[in-house]
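Subject: Structure handover

Dear colleague,

I am passing the structure below to you. My notes on it come after the coordinates.

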Amino acid sequence: MNKSSSSLRIAAHALGACILMTSAAQAASVTVTGTFTSFVSDMNAGAAFINGIGLTSSGSPGSNGANFASNPVIFSNPTTRLDFTRSPPGTPGVWPMNGFEFIPNAAPSDVVPGQTFTLGTFRYTNGQWMPQADIAFSLTTHSAEANLDGITFSGTIRLISTSVGNDPPFNAYDEADFFYLLGNPALGSGRVFEAGNFDPSLQPSGNPGNTGDFAFTGYIGSLHPNGFVPLNAAAFTTSSIAGGPLDPATITLGGTPPVPEPSSWAMLLAGLGALGLGARRRKQPAAWPSSTAPASEQSGPVGMTGHSSPAAN
């Protein structure tokens with residue numbers, strides 16, 4: 001290989017590494033805020049409460065075994081946690097209170113437009129049975145980078161509560177309460193095991209509890225959601241948005257390591273590019289002595305071990 005060709009190859013590798021490092025440098029810091037905006041639940045006869053507010057009947061038929069649907073409760077102030085139960089607040093009982101919470105990604109994260117980003121965490125505590133609830137929410141990004149600032153997403157989570165004791169004898173996975181994003185069934189559902197104080201069989205091996213955490217991910221730049229990621233052993237996901245029985249092949253258990261943030265990938269690729277450049281430069285073979293090297297190997301490509309086919313330069 002002549003010096004001109006070798007120099008071009010080195011320059012090309014250097015340019016690639018510079019592009020990767022430039023991409024990492026262009027990543028912008030982004031945070032997310034979020035709030036629940038409304039709550040509607042199906043109801044049976046008797047009281048039901050959301051954050052201490054008594055639900056009232058709309059007179060419309062309910063679903064999932066309920067008598068009727070409630071009137072919507074609108075949250076005028078930022079609200080990131082919902083506690084709901086069929087008993088007045090503070091009433092002692094066997095079952096714990098249901099809770100649904102959104103924990104925004106408030107820690108600044110360097111992200112690249114168009115890449116997957118953790119928008120926040122949904123946390124659900126599986127307590128008293130409430131047939132079905134629709135929980136509307138809104139997310140907003142905050143960044144010094146204009147094209148990443150003020151992006152909003154609004155959606156509705158549908159939460160389905162299983163009626164333990166009235167279903168066929170399913171297992172702990174089939175009896176888990178679950179939620180999914182209305183209008184986007186392709187994301188599947190997040191599910192949380194029942195509390196084991198009613199029936200120990202409702203908890204899987206290890207008794208992970210009945211509070212599950214799920215990372216909610218989306219594409220930064222559009223906030224188009226692309227998945228739920230179970231973060232602890234009480235949580236799991238499945239491609240189904242229907243009740244049990246579930247196909248075990250569709251279940252993803254909690255505790256899977258999270259996907260690295262886009263900036264981490266960019267920095268990793270930049271580092272690998274630089275390492276690859278250095279490695280290639282170190283691997284260039286010394287010139288073969290003219291008396292011992294076969295003519296076919298004297299013109300081998302840079303970085304090869306001398307066993308490549310001849311190449312004209």
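The notes below go from confidence to strands, then to aromatic rings and single residues.

This is a predicted model, in which local features need pLDDT of at least 70 and side-chain atom pairs count only at pLDDT 80 or more, while totals for chains, interfaces and linings use all residues. Residues are numbered from 1 along each chain as its sequence is written, and side-chain values use heavy atoms, with hydrogens and water left out.

Confidence

pLDDT is the predictor's confidence in each residue, from 0 to 100. The protein chain has an average pLDDT of 75, and 67% of the residues score at least 70. Helices (H or I, at least four residues) and strands (E, at least two) are DSSP runs, numbered from the N terminus. Where pLDDT is low, the predicted coordinates should not be read in detail.

Strands

Two strands pair if DSSP finds at least two bridges between them. An open sheet is formed by 7 strands in the order S3-S2-S7-S8-S10-S15-S16, with antiparallel pairing. S3 and S16 stand at the edges with a single partner strand each, so one side of each is left without a neighbour in the sheet. S15 and S16 run antiparallel and are joined by 6 bridges; Gly218 has Pro225 in S16 as its bridge partner.

S14 has antiparallel partners in S13, through 3 bridges, and in strand S17 (residues 235–238), through 4 bridges. Opposite Arg191 of S14 stands Phe178, and Ser189 stands opposite Thr238 in S17. In a regular strand the side chains alternate between the two faces of the sheet. In S14, Ser189 and Arg191 point one way, Gly190 and Val192 the other way, and all are buried (buried means under 20% relative accessible area, exposed over 50%, partly exposed in between, with a 1.4 Å probe and protein chains only). The charged end of Arg191 also sits over the ring of Phe178, 4.0 Å from the ring centre; this requires NZ of Lys or CZ of Arg within 6 Å of the ring centre and within 35 degrees of the ring normal.

Aromatic rings

Rings of Phe, Tyr and Trp (its six-membered ring) pair if their centres lie within 6.5 Å; planes under 30 degrees apart count as stacked, over 60 as edge-to-face and the rest as tilted. The whole structure holds 18 aromatic pairs. In one of them, Phe39 and Phe84 have ring centres 5.3 Å apart and planes at 50 degrees, so the pair is tilted. This pair links distant parts of the chain, 45 residues apart: Phe39 belongs to strand S1 (residues 28–43) and Phe84 to strand S7 (residues 81–85). Phe39 and Phe84 are both buried.

Another pair, Phe179 and Phe228, is edge-to-face because the planes are at 85 degrees, with centres 5.4 Å apart. Here too distant parts of the chain are linked, 49 residues apart, with Phe179 in strand S13 (residues 177–181) and Phe228 in strand S16 (residues 224–230). Phe179 is buried at a relative accessible area of 0%, and Phe228 counts as buried at 8%. Ring pairs link both into a cluster whose members include Phe36, Phe100, Tyr124 and Phe216.

Loop residues

The loop between S14 and strand S15 (211–219) contains Asn210, which counts as buried at 16% relative accessibility. A polar atom of the Asn210 side chain lies 2.6 Å from the backbone oxygen of Asn126. Asn207, in the loop between S14 and S15, is exposed with a relative accessible area of 55%. Although not a glycine, Asn207 has a positive phi of about 45 degrees.

Asn51 has a positive phi as well, near 50 degrees. Asn51 lies in the loop between strand S2 (49–50) and strand S3 (53–54) and counts as partly exposed at 35% relative accessibility. The peptide bond from Gly244 to Pro245 is cis, with omega near 0 degrees; Pro245 is in the loop between S17 and strand S18 (251–253).

Regards

Technical notes: A polar contact is a pair of N or O atoms within 3.5 Å; within protein, one must be able to donate a hydrogen and the other to accept it, and residues adjacent in sequence count only if both atoms are side-chain atoms.
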